[in-house]
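Thank you all for coming.

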Amino acid sequence: AQFLKALTYMNMREYPLAAVEFQILRKDYPTSPRVEDALFHEGEAYLEQVGAIERDITGAYEARLQFLKFSQEYPNSKHMPQVLAYMQEISDLMVWKRLEQVKVYRQLGRHEAAGIVLDHLLKDEAGSTLIPEVLWERAAVARKLEDIDDEAEMYERLIDSFPETDYGKNARDRLAKIDAAESAAYLDEEQ
């Protein structure tokens with residue numbers, strides 16, 4: 001009955017109530033055959049609470065925690081393919097949200113702050129499908145900060161990890177320009 005009540009809340013789009021009901025089922029009936037499904041759907045309920053990019057993404061953090069717990073407790077579950085897809089979606093959402101923040105920092109000329117956010121993304125969200133864009137943005141920030149070594153490193157990472165993307169192809173061109181400029185500067189020093 002508890003499980004059906006929670007599913008009813010899900011169907012009504014009452015996601016916070018559904019999450020609570022799934023949690024009650026897991027806590028009060030830990031030996032129920034529905035515990036695995038309850039944990040999975042609890043994560044879905046948290047994820048469904050996340051709205052547009054402008055909104056708070058706390059639900060995505062909660063969903064991630066639930067799905068991580070689920071994957072540890074039920075690694076062979078029939079829900080694992082969907083859990084992995086949700087985890088990818090959450091990672092991309094986190095990156096997308098932070099890229100919007102980076103745009104604001106760049107517009108304000110706060111390039112150091114943009115660089116810090118991008119560095120955290122590269123560390124914390126390495127599995128996101130948006131990492132090529134993060135690397136490209138990080139290279140642009142390095143260029144604004146006149147840090148040629150960091151800029152070149154980002155382009156090299158793009159070329160190595162994402163050679164077939166537009167970012168990878170454009171990185172080859174940018175890296176060639178950096179190399180040409182460094183060679184020209186070296187030759188000028190020699191004269």
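Predicted model: local features only at pLDDT ≥ 70, side-chain atom pairs only at ≥ 80, totals over all residues.

Let me begin with a question: does Glu151 count as buried or exposed? Glu151 counts as buried, at 6% relative accessibility, where buried means under 20% relative accessible area, exposed over 50%, and partly exposed in between, computed with a 1.4 Å probe on protein chains only. Residues are numbered from 1 along each chain as its sequence is written, and side-chain values use heavy atoms, with hydrogens and water left out.

Now to the partner of Glu151, which is Arg143: their side chains meet in a salt bridge at 3.0 Å, N to O, a salt bridge being a side-chain nitrogen of Lys or Arg within 4 Å of a carboxyl oxygen of Asp or Glu. Arg143 is partly exposed, with a relative accessible area of 35%. By this rule the count comes to 10 salt bridges.

Another of them joins Glu137 and Arg106, at 2.5 Å from N to O. This pair links distant parts of the chain, since Glu137 lies in helix H7 (residues 131-144) and Arg106 in helix H5 (residues 80-107), 31 residues apart; helices here are DSSP runs of H or I, at least four residues in length, numbered from the N terminus. Glu137 is buried at 18% relative accessibility, whereas Arg106 is partly exposed at 26%.

Asp37 and Arg34 also form a salt bridge, with their closest N and O atoms 3.8 Å apart; Asp37 is buried at 13% and Arg34 partly exposed at 38%.

Turning to the nonpolar cores, each is a set of buried Ala, Val, Leu, Ile, Met, Phe, Trp, Tyr and Cys residues joined through side-chain atoms within 4.5 Å. The largest has 29 residues, and those with the most contacts inside it include Phe22, Phe67 and Ile90. Helices H1 (2-11), H2 (15-28), H3 (35-48), H4 (58-73) and H5 each supply at least two residues of this core. A second, separate core of 24 residues includes Val95, Ala114, Val117 and Ile178.

Finally, which residues does Phe67 touch? Leaving aside residues up to four places away in sequence, Phe67 is in contact (heavy atoms within 4.5 Å) with Phe40, Gly43, Glu44, Leu47, Val83, Tyr86, Met87 and Ile90.
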